Amino acid sequence: MTDAASVRRFISRSGIYVAFAIVVVVFSLASPYFLTVTNFLNIGQQTSVLFVAAFAMTFVILSGEIDLSIGSLAALVGVVIALLLSQGWPLALALLGGLAVGLVSGLISGSLTVIGQIPSFIVTLGMLSALRGISFLLTGSTAVPIESDAMLEIFADAEPLGIPVSIWFAAGIFVVLWVVLTRTRFGAYVYAVGGNAAAARLSGVNAVRVKIAVFGLAGLVTACAGILLTARLGTGLAEGARNLELDAIAAVVLGGTSFAGGRGSLGKTVMGALLIGTLNNGLTLLNVSYFAQLIIKGAIIIAAVLLDRWTRGNR
Amino acid sequence: MGPRVTKAVVSFEGILKRFPGVTALDGVSFDVSAGEVHALIGENGAGKSTLMKILAGAYRADEGTVRIDGHQVQIHGPEAGRGLGVRMIYQELTVLPNLDVGRNILLGREPTRRGLVNWRALYRQAQAILTQLGLDIDARTMVEDLAIGEQQMVEIARALVGDPKIIVLDEPTSSLTRSEEEALFDLVRRLKDRGVAILYISHRMEEIFLLADRVTVLRDGQWVATKPIGDVTEQDLIALMVGRDIDTSAKAPAHDAAPVVLEVRDLQAGPRVRGVSFAVEAGEVLGFSGLVGSGRTETALAVFGAEPHSGGEILLNGDRRTVHTPRDAIASGILYVPEDRKGLGLVLIHTVAENLALPSLPRFERRGLLDRRGERRFVAEWIEKLGVRTPSPDQQIEFLSGGNQQKVVLAKWLALGPKILILDEPTRGIDVGAKAEVFRLIREIAAQGVAVILISSELPEILRESNRIAVFHQGRIAGELDAADASEEAVMALAFGQDRQPDRTQMEASP
């Protein structure tokens with residue numbers, strides 16, 4: 001019984017690492033190509049957009065809310081940047097325009113949630129639909145090519161020190177957000193508000209402002225994901241980044257961040273996103289059909305949460 | 001009380017239960033008779049809950065026997081316990097607010113006819129049980145439309161389905177108003193007259209002496225004593241529980257006149273605060289007494305900015321202050337310890353350190369970043385200062401005892417250097433030893449010149465700890481008493497609005 005308990009404790013602390021290790025071992029045995037530097041850089045590059053989106057989602061979930069509009073927003077940001085560039089805007093201004101769209105959209109979701117007192121699930125479900133609609137209206141559902149070689153080079157093709165630039169961006173954004181979450185008052189308030197909003201308020205935390213700021217920040221970070229995605233695709237696509245929000249939620253939950261808020265970390269999300277990215281990569285290498293991949297991913301997400309329940313139960 | 005019935009309904013014999021690292025129960029033996037109210041008392045962690053869970057079938061004893069009606073029983077799971085006639089009524093209500101009373105009472109035991117629920121029989125049976133209990137509640141009322149006290153009655157009614165031999169009541173009065181308490185006590189006496197054995201767990205001495213026939217004391221998992229209630233005094237019981245003498249009779253030190261720190265004039269807030277005026281001096285403990293719902297807590301919340309106020313003035317050291325949010329109040333040095341410690345006072349899933357430092361974070365900001373090392377030193381210092389017993393600052397606060405949780409709440413406010421500290425039922429759900437420590441702290445705080453407002457429903461507590469008592473009645477302060485020569489009767493008379501205009505005129509006068 002004590003043994004079972006200590007196994008539980010080990011898994012609850014390091015379950016995601018165990019799962020990741022198992023996945024790596026299985027794929028390495030199955031495919032000689034899997035365990036190579038090139039392939040891991042590949043995984044990093046393919047997963048970078050998910051990383052960034054999942055960081056945004058981590059903040060929102062930690063604060064006790066949810067944001068379903070992340071995929072639609074990332075697509076809209078790409079569309080807006082592509083259109084601004086085609087209008088002859090300089091790259092820097094077009095990027096700022098895209099970031100502004102992200103920030104404003106996040107602030108709207110946050111304000112409706114906190115001030116309008118509508119559950120964020122509903123608010124962002126509406127935003128998910130509305131933002132996608134705006135993208136289609138703006139583009140007439142045609143792909144808008146990125147008319148800036150600089151953008152493609154800076155955000156997709158460059159390989160400083162031999163590492164794809166999107167990995168550098170994901171890592172840089174991680175560092176900045178990690179500092180915000182663990183080393184600032186705002187970060188501490190995000191946890192407090194997510195853990196118990198009423199108690200945080202009675203402790204002098206402006207819970208309304210914190211939550212709105214979380215949504216605004218998430219919008220801004222999502223815009224960054226949108227920029228990386230658009231540069232990789234080379235076009236602004238109204239139907240791009242479909243289901244990105246679901247993969248992001250999956251990464252956060254797989255990592256072990258509490259869905260109820262107040263408990264978790266960005267580091268956990270990195271592992272969650274890495275696990276999803278590795279699964280995508282490995283299953284493709286093994287020629288598993290896309291449909292079967294969806295089933296396997298779904299099963300693993302549910303299994304991970306079950307494992308989490310089991311390790312937390314019977315305290 | 002009638003003649004003692006000696007037939008043992010439940011006997012515990014040498015019950016031993018170990019959890020990894022601790023022995024929760026170490027050879028506990030006593031019995032409970034039919035028609036007896038048997039109080040079970042002890043500090044938190046003494047083993048009361050563990051013992052009750054063994055009786056209910058949630059845990060299994062490692063050693064020892066439980067007998068029901070003289071037969072040795074193995075209780076595997078709550079349903080088995082139920083089948084043997086054991087009924088548990090927990091502190092937290094388990095009635096379902098979205099169902100009506102009848103469906104709640106017979107939940108899981110609905111009478112059926114040809115496989116379908118026989119609704120008419122269900123409501124008839126439920127109503128019969130309610131009538132038996134002398135309750136004037138319609139079985140078709142939705143539970144959410146009932147007052148908390150009535151919901152608890154429904155909970156008890158539910159326990160009467162089938163053939164209950166022993167009913168365990170765990171802190172049943174913790175969320176009841178005074179009149180609801182009276183109704184509950186009546187009910188307990190009626191159950192007792194029907195020959196049901198009642199095991200009554202409570203921290204409140206008053207009700208133990210009012211209701212119990214015998215009392216069993218547990219301490220650190222061990223049986224200490226079982227005695228007829230007539231053979232012991234409150235002091236005896238406290239000494240038995242704590243294992244040492246705790247003086248609960250000494251009054252708070254007298255207060256010498258000092259400048260007024262907080263003055264509130266004609267405060268109006270919501271339906272329950274209708275023109276409240278009072279003043280507190282530095283170093284004074286002002287008690288707020290009154291019935292639940294009389295406006296004590298609501299006044300405190302309005303002064304703290306947690307609830308909006310529609311009229312009146314708040315003056316700090318003679319200057320008007322605008323207090324619209326808790327942030328405003330905190331900035332002015334007005335701090336509030338809420339009654340609902342777990343729901344409002346703490347972030348339960350966070351650590352001791354995180355909870356303690358939360359309101360003090362601004363002072364650790366250096367160019368936008370937090371000085372985490374300074375914060376840790378600060379936390380360690382306050383844990384030490386208030387004697388919070390925790391294995392580490394990183395312990396999740398949920399797993400601390402109520403008394404230690406309350407010390408963390410106090411520490412987080414004291415660290416801000418309060419001018420006015422409002423404490424709302426600060427000892428609720430805290431055991432005797434910790435209560436004494438909390439009051440020692442409150443006295444120290446007042447001695448340092450902080451103006452303290454103490455809200456409490458327990459008369460002996462408020463009479464002992466306050467210098468002056470403001471008694472609330474229907475949204476106003478009905479009168480103030482000097483605690484030195486006030487009696488419980490005098491406070492109650494004001495609380496019930498006696499020697500004032502009848503209630504009706506006050507109701508009509510309000511907006």
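This is a predicted model: local features need pLDDT of at least 70, side-chain atom pairs count only at pLDDT 80 or more; totals for chains, interfaces and linings use all residues.
Start with strand β14 of chain B, residues 273-281. Seven of its nine residues are buried, so the strand is largely enclosed by the rest of the structure. Its partner is strand β13 of chain B, residues 260-269. The two run antiparallel and are joined by seven bridges. β13(B) and β14(B) form a hairpin, with three residues between them. In the turn, Gly270(B) has a positive phi of about 60°.

Now the aromatic rings. Over all chains, the count comes to 13 aromatic pairs. Among them, Phe55(A) and Phe174(A) form a tilted pair, 5.6 Å centre to centre with 50° between the planes. Phe55(A) lies in helix α2 of chain A and Phe174(A) in helix α7 of chain A, so the pair ties together parts 119 residues apart in sequence. Phe55(A) is buried, at 1% relative accessible area. Phe174(A) is partly exposed, at 22%.

Phe278(B) also pairs with Phe288(B). Their ring centres are 5.1 Å apart and their planes stand at 85°, so this pair is edge-to-face. Phe278(B) belongs to strand β14 and Phe288(B) to strand β15 of chain B, so the pair ties together parts ten residues apart in sequence. Both residues are buried.

Back in chain A, Phe27(A), Phe34(A) and Phe40(A) form one aromatic cluster.

Charges meet rings in chain B as well. The charged end of Lys412(B) sits over the ring of Trp413(B), 5.3 Å from its centre. That of Arg464(B) sits over the ring of Phe439(B), 5.4 Å from the centre.

Terms used. Residues are numbered from 1 along each chain as its sequence is written. Chains are lettered from A and ligands numbered from 1 in the order in which they are written. Side-chain values use heavy atoms; hydrogens and water are left out. Buried means under 20% relative accessible area, exposed over 50%, partly exposed in between (1.4 Å probe, protein chains only). Helices (H or I, at least four residues) and strands (E, at least two) are DSSP runs, numbered from the N terminus. Two strands pair if DSSP finds at least two bridges between them. Rings of Phe, Tyr and Trp (its six-membered ring) pair if their centres lie within 6.5 Å; planes under 30 degrees apart count as stacked, over 60 as edge-to-face and the rest as tilted. A charge sits over a ring if NZ of Lys or CZ of Arg is within 6 Å of the ring centre and within 35 degrees of the ring normal.
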